[in-house]
Amino acid sequence: MAQPRLITLTTDFGLNDHFIGTIKAVLLGIVPEATIVDICHSVQAFDVLDGALTISQAYSYFPSGTIHMVIVDPGVGTARRPIILTAERYHFVAPDNGVLSMIYDREERLSVRHVTAEHYYLQPVSNTFHARDIFAPIVGYLAKGVDPDRFGDEITDYVRFAAPRPKPVDGNTIRGVVLKVDRFGNMITNITQHDAPQLFQPEPPPFKIVVGKKEITQIHTAYAQGAPGELFGILGSMGYLEIAANRGAAAQVVGVGKGTDVSVTLEGAAAERAVTT
Amino acid sequence: MAQPRLITLTTDFGLNDHFIGTIKAVLLGIVPEATIVDICHSVQAFDVLDGALTISQAYSYFPSGTIHMVIVDPGVGTARRPIILTAERYHFVAPDNGVLSMIYDREERLSVRHVTAEHYYLQPVSNTFHARDIFAPIVGYLAKGVDPDRFGDEITDYVRFAAPRPKPVDGNTIRGVVLKVDRFGNMITNITQHDAPQLFQPEPPPFKIVVGKKEITQIHTAYAQGAPGELFGILGSMGYLEIAANRGAAAQVVGVGKGTDVSVTLEGAAAERAVTT
Amino acid sequence: MAQPRLITLTTDFGLNDHFIGTIKAVLLGIVPEATIVDICHSVQAFDVLDGALTISQAYSYFPSGTIHMVIVDPGVGTARRPIILTAERYHFVAPDNGVLSMIYDREERLSVRHVTAEHYYLQPVSNTFHARDIFAPIVGYLAKGVDPDRFGDEITDYVRFAAPRPKPVDGNTIRGVVLKVDRFGNMITNITQHDAPQLFQPEPPPFKIVVGKKEITQIHTAYAQGAPGELFGILGSMGYLEIAANRGAAAQVVGVGKGTDVSVTLEGAAAERAVTT
């Protein structure tokens, strides 16, 4: 791994306070030559799963050696542990509350350390802003070249939750969920190409997607293919099925948001299976 | 043009998702030494004219050699072309949908190329996130020093729309439009000093500005000159007539927003003309 | 002081316009090697006190030599002076309207200069965007190494307001105010550990905090110690008493916001005093 100098931030701190500026102050105080990139600070407040999703969408596009700081930390000031996750190309620094779960899912060779080397922390350590007092110093010294094993011992009992996966309802229907609504109103589901490969074929079998009170029977390959007001499915840039509308906010058209059930019924799937049997 | 290392971003992606972080990941992967500046990511979603206006307000303040990436791209995934516009001091990279129209208006010597050198793109190219897969790589390699003519052939049939211009209504009235409402509630019109020079004289002739149901008869030269609750006109920092209020949001006082008609009647203009005739 | 190259920005310009991008353009045009950090651009529009509070929370975490640009400037275009405040470790550049008041309170050795060296300004100087035309050039040339005394003479009559301080109501009650509500809905008061030391003892005497129609009788040391829906007090990371809720927005629970009175009654304080007398 090259000398890491690129640091990313993914948090639920928003941009309406001094928080992110102060975190960068601490980072640049330790490693002035760092380049810091904001991935997103609008993770839903306290929502560890939303944080896990956000970092999972962006991290792999960064150059090797990047250090990803991921702070969604409703347990700040309690016994939850600060950890360093070292994967093949990246380090991640985060509270041990599951916010790195989707990284554990995707990375193969990894080690996780419980940070106990308190002499790196900013003194005095507050009870309410560990991003400033604990996590930023860890990231700063990592970026400066301190070896991960100097921060604490390896652990294997780190917190890891299972990201919600679509479930089969019957032979030709699966049910997933809207993971998030993006800036354009697209509804990003947890249904991947792997879960419903026929849906994304050039000529898919007859199907319907049901979300809220709407039934969707079109898959497009570009947003602009949609007719005005039409809802359709599309394979999004992270590999998930999205419910979208051309130049419009699908989530508003449907009238529902994050957490809503989405079912996909592939009649062809059943038919095909029937034929094969 | 000096070796370009400064890159700016103007988009409608917002800051609530991972999009901008991921774009920067791709840029820094190609050209780690780049400095990236966000101009604005709050261009109204899908609004090519709003994007054109935003980049036109900021671009000329950047040092020579800056590369401006401008992404408002409702046609992502369709046949609309990725282009590089090279002007005297800057490069611009954008979809060919008119989002650079106000640059074409302002820059004299320029060449536009249709990018076809797909070997620069991030593979696989998604259908929904060309900012990541196509535009960021083009910008990155340009910043790295690849010559524009390596990306594709020059074209002259690029998409260019006419920015809305104020129109004469009768001899002493012109009618323009509110281009945008800024953070402070100032209503930025498309009426320039050139369109109504008398309005901005130290001692303007009698005039009235009508917007919504309000009639405005004062021009000030500083926001703080306005009395509490008073609406007035002011020559804004981009050369446009703005409707403003001192420490208040004019757009809220008027109760209308972007797209609203604004008329300026210069009684003196008519009178003067009458005298001259 | 080391050669200053780190510049911070604290403004009320928001992120919905080109303003911040344009300011950075001017800065990087003068000092391309600068690192620019956004502290916050969501200072409440025109609210000098909110700006004073925001910079006071972040500035001291930056490395020595940092230049802090602080722009909340409802008087732009009027006679209010541009100033450079030089303290032991930092420079601050701002309009002379009191936005640096909390820096004057906290820093001991300091000098303030009225900037009159107009040859540094961007020409022509607009009446409405001095952050671009006046303040950014001052910051840029300071960062480039121009000595503060080259910009203008020292003054002592700079504008300084008294930040609101809690007041005693009777022997055992003090009344403060909510300075701001942060991203998580925590209500940051102006009551410090110094104002009510017993409140933050490991075993505080009986007390009640009253805000809006709510009475609070718990102090916790971590947000996560709160029961669901419970309001409690906590010593925040800037040393102020905060009213908080675990994974919830206290300000929404209370139904009030910035500017609301908060009273703290320490029964023990009175009792103790009674005993002592």
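Modeller: Start at one end: Val112(A) has Ile155(A) of β7(A) as its bridge partner. This is a predicted model, where local features need pLDDT of at least 70, side-chain atom pairs count only at pLDDT 80 or more, totals for chains, interfaces and linings use all residues, and side-chain values use heavy atoms without hydrogens or water. Residues are numbered from 1 along each chain as its sequence is written, while chains are lettered from A and ligands numbered from 1 in the order in which they are written.

β6(A) and β7(A) have 2 bridges and run antiparallel. Strands and helices are DSSP runs numbered from the N terminus, with strands (E) of at least two residues and helices (H or I) of at least four.

Now the whole sheet. In chain A, 7 strands make an open sheet with mixed pairing, in the order β2-β1-β3-β5-β4-β6-β7. Its edges are β2 (35-40) and β7 (154-155) of chain A, each of which pairs on one side only. Strands of a sheet pair through backbone hydrogen bonds, either parallel or antiparallel.

One neighbour is β1 of chain A (residues 6-11), which pairs with β3(A) in the parallel sense over 5 bridges. There, Ile67(A) of β3(A) stands opposite Ile7(A). The other pairing is with β5 of chain A (residues 91-95), also parallel, through 3 bridges. His68(A) has Phe92(A) in β5(A) as its bridge partner.

Buried means under 20% relative accessible area, exposed means over 50%, and partly exposed lies in between, with a 1.4 Å probe and protein chains only. In a regular strand the side chains alternate between the two faces of the sheet. In β3(A), one side carries Ile67(A), Met69(A) and Ile71(A), and the other carries His68(A) and Val70(A). Both faces are covered.

Phi of Arg247(A) is near 55 degrees, a positive value in a residue other than glycine. Arg247(A) counts as exposed because its relative accessibility is 52%.

The contact (heavy atoms within 4.5 Å) takes 30 residues from chain A and 32 residues from chain B. The buried area is the accessible area that two parts lose on being put together, summed over both, with a 1.4 Å probe. For chain A and chain B that is about 2400 Å², with 63% on carbon and sulfur atoms. On the chain A side, Tyr61(A), Arg183(A) and Phe184(A) supply 28% of the area buried against chain B, more than any other three residues.

A salt bridge needs a side-chain nitrogen of Lys or Arg within 4 Å of a carboxyl oxygen of Asp or Glu. Between chain A and chain B the count is 1 salt bridge. Lys180(A) and Asp17(B) form a salt bridge at 3.3 Å, N to O. Polar contacts are pairs of N or O atoms within 3.5 Å; within protein, one must be able to donate a hydrogen and the other to accept it, and residues adjacent in sequence count only if both atoms are side-chain atoms. Chain A and chain B have 10 residue pairs in polar contact, both residues at pLDDT 80 or more.

Which elements of chain A supply two or more residues to the side that touches chain B? They are β2, α2 (48-58), β9 (173-181) and β14 (231-235). β2(A) gives the most, with 5 residues. By class, that side of chain A has 17 nonpolar, 8 polar and 5 charged residues. Nonpolar covers Ala, Val, Leu, Ile, Met, Phe, Trp, Tyr, Cys and Pro; charged covers Asp, Glu, Lys and Arg; the others, Gly among them, are polar.

How values were computed:
Two strands pair if DSSP finds at least two bridges between them.
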